[in-house]
Amino acid sequence: MSDTTSHRTTPDLSPEVREALAAGRPVVALESTIIAHGLPRPRNLAVAEELEALVRAGGAVPATVAVLDGRPRVGLVKDELERVAEDDSVRKLGHRDLAPALASGACGATTVSATAFLAARAGIRVFATGGLGGVHRGWIDTQDESADLRLLARTRITVVCAGVKSILDVPATLQRLETLGVTVLGYGTDRFPGFYLASSGEPVDWTVRTPEEVATVTAAQDALGGPESAVIVANPVPEAEQLDPALHDRVLAEALDACQERGIGGQAVTPFLLDQLMRRTGGASLEANLAAVRGNVRLAARIAVARAAAAR
Ligand code: PSU
Ligand code: MN
């Protein structure tokens, strides 16, 4: 073993996650930024618990990822989940923030980039979230592009999401995913989903219709070898539960203006915009966001189950 490997920090697995992985049982990773910084309190804790319950109902083991007291954690027990949801000192950690968080003993919620990294290190292949980060509107001036994209270009994980957040420049984000070589599958659709909306209007090249089909794609990815890139399973929110598109467009324009007027930048942009949308839609965007996340978590459990069955 090389010197660097022998000193590697591996994430701390909860006993339940450790046993499931050792036995080849299905496990689904869940991110924690949506809990700590993406949803209002006290609803966020209820949602965190509900998402874990949905994974279990689907026959898989949930592994919520976070950093607690400088330790990377995969699989949280009840009071740890409570800490992530309720403690004000919980920071937002992208992949690049992990090393300083570990070094300083910090607590933090992990974004898609940090969650995908830690989950893959733990040996978890399937991960569910709401919407990915991506290329922001106005990126040509701000250069604001979520680290989610580049991390997914070099991490072998299957992410189930409702597309990318509609606060972003969706066509530019899809272009970037193409450049980065990240596979995108539309689940039951040939349109890329629009997070709060069932469709962003943008086409996707590949459509799958069952969890088994997704499992077959991931097996083919392994058989091919090549770069350790991700597969994005883009799963639309059901139309009946989407945000009214006209309301969405109007309110988003207002929220983007507010973001600029107040000079919000960096890590604060995404939580600010999500919060603005929630306030300005009277909570309707929150319901659409939750409907999307629930659907993604259910589907991720089915994909993890299909992968485990195929491996038998
Ligand atoms: N999906 C949601 N709510 C969220 C996020 C995703 O429904 O809050 C989080 C994810 O953790 C994602 C992050 O990785 O927002 C992107 O933040 P940024 O644009 O700063 O990279
Ligand atoms: Mn950003």
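Me: Two residues are in contact when they have heavy atoms within 4.5 Å of each other. In this predicted model, what do the buried residues of α4 pack against?

Reply: They pack against β2 (27-30), α3 (33-37), β3 (61-68), α5 (78-86) and α14 (284-311). The buried residues concerned are N44, L45, V47, A48, L51, E52, L54 and V55.

Me: How does the reach of α4 compare with the expected span?

Reply: Helix α4 (residues 43-57) has 15 residues, and its first and last C-alpha atoms are 21 Å apart. At 1.5 Å a residue 21 Å is expected, and the reach is close to that. After α4 comes G59, with a positive phi near 90°.

Me: Why is E31 said to have no salt bridge?

Reply: E31, in the loop between β2 and α3, is buried, and the nearest side chain of opposite charge, K165, is 6.0 Å away. A salt bridge needs a distance within 4 Å, so E31 has none.

Me: Which residues touch the most other members of the largest nonpolar core?

Reply: Of its 65 residues, they are V74, I124, L132, L152, I157, F192 and I232. Another core lies apart from it, with 41 residues, including I34 and V55.

How values were computed:
Residues numbered from 1 in each chain as written. Chains lettered and ligands numbered in written order. Predicted model: local features only at pLDDT ≥ 70, side-chain atom pairs only at ≥ 80, totals over all residues. Heavy atoms only, no water. Core = buried A, V, L, I, M, F, W, Y, C linked by side-chain atoms within 4.5 Å. Buried < 20%, exposed > 50% of the residue type's maximum accessible area, 1.4 Å probe, protein only. Helix = DSSP H or I, 4+ residues; strand = E, 2+ residues; numbered from the N terminus. Expected span 1.5 Å × (residues − 1). Lys, Arg positive; Asp, Glu negative; His and termini not counted.
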